[in-house]
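Q: Could you take me through this structure, starting with its overall make-up?

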Amino acid sequence: MLLKIAVCFLQWLCYHVQQTIIERKVRIVNDQKYMLSHLACIFHTGVFCLQEEQLIFYEENPEYNPVYHNETFRLALVHRCDGQKEPVVVSDDFHVYYISLKWRNIYYMMGPLSTQVMNRTERHRFYRFYGIDEQWEKGLHYHTLMEVLQIAGMFTKIITGQEYTDQQLVDANYHSASGRQEQQEQARFDIKSEDEDIYRHSYQEERRIMEAVKAGNIKEAVRLSKEMDVNIGRLGESETEHWRNLSIVSAALCARAAIEGGLMPADAYRLSGFYINKCTACKDITQILIYRNHAIEELAKRVREQKEKRHASSYTQRCKDYVYRHYREKIYLDDIADILGISNGYLSRLFKKETGAGLQDFINDVRVEKAANLLVYSEETLAKIAEYVNFPSQSYFGKIFKRKMNMTPRQYRELHKPAEFYDRTE
């Protein structure tokens, strides 16, 4: 009798242990599904699980995704996982990254994670490369490379519980030289620099340029920069690399000087970023230096303009600020006067006296300035641009633009559009 009770108890215990194990596995699977689905949503990308040739995805619609759509690419990620115990972090020719790892004979994949902002043409090439139909094309969310590494670490922690530093992920995937190799290369560079007796410009010379930008002295800033070019050491192996790197450094330093001079950080970084991108893409040394000089000129000019603004009355400056913030809307003198707490007649006379132009002329100037930039650096039609900057019609836009710029919007676009933009049809 006791033996029978013992057997029954053991059967009952085994059953409940099995049930507990099953429930635990189900709970783990559900937890993982919850976390991976949210991971895909947060980082605007795809997360996949490949088990016994069955592909499970954790995003609403994976049709745009190369991991889902392209089996050859997916198998290449699997092959990389088989040959590496650390998480795999790889990129394609479009600077788009993918993360994959193998855990308990299951393959986990994440991507795409783009480290560059693609225009429409680049995006189309990306999808065409992976054989994805145009109807599934969509913009890829931008991430920095450091964010990609952090995402890879988080992804791995969720799946395996193991932790990897950014450097461990970099070393495992050959994204940079190892610390030892880096030290060796630095030592060789130091020896080479001493052999060539490279003269580095002094900190004082650098400060003189930055002080000129900070003061809004345009000519002096450019003159000092050209003067320093003669004695600066090598900043790249080739002549083009040298001048490109020098120009990038100059734009970055002068942006900081402009901020110290009173320019808003967002404006300074946006302007320096534009010219840094132009220098990075340019292969002609002369053009690189022209972009560098333009960056210094523009930053110093913006600083000078800021200083000049401070001499105008606060009413006039606040009126201008209002126009810059609301140029895409209908602007009424009465509304601005009410906000400033003065009469519309007084504001109109004061604005005219201190700027030499009426308020409506200033509003049109701002709208034409914004429209001119869009004509050169966007692919929108003339009608769309006119509507965007809040001209009542395309014909009125053309009339005001021609009065201000001495040419039609179409002529301005054809004259100034960069070579990298394709021909547009209006």
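A: The protein has 19 helices and 5 strands; helices (H or I, at least four residues) and strands (E, at least two) are DSSP runs, numbered from the N terminus. This is a predicted model, in which local features need pLDDT of at least 70, side-chain atom pairs count only at pLDDT 80 or more, and totals for chains, interfaces and linings use all residues. Residues are numbered from 1 along each chain as its sequence is written, and side-chain values use heavy atoms, with hydrogens and water left out.

Q: What percentage of the residues count as buried?
A: Of the 426 residues, 37% are buried, meaning under 20% relative accessible area with a 1.4 Å probe, protein chains only.

Q: How do H13 and H14 pack?
A: Helix H13 (residues 314-326) and helix H14 (residues 333-340) meet at an angle of about 125°, and their axes are 11 Å apart. Axes are lines fitted to C-alpha atoms over the stretch in contact, and angles run from 0 to 180 degrees between N-to-C directions. H13 is therefore oblique to H14; angles under 35 degrees count as roughly parallel, over 145 as roughly antiparallel, 65 to 115 as roughly perpendicular and the rest as oblique.

Q: Which residues make that contact?
A: Tyr 315, Arg 318, Cys 319 and Tyr 322 of H13 and Ile 336, Ile 339 and Leu 340 of H14, where contact means heavy atoms within 4.5 Å.

Q: Where is Lys 320, and what is it in contact with?
A: Lys 320 lies in helix H13. Leaving aside neighbours within four places in sequence, Lys 320 contacts Phe 351, Thr 355 and Phe 362.

Methods:
Buried means under 20% relative accessible area, exposed over 50%, partly exposed in between (1.4 Å probe, protein chains only).
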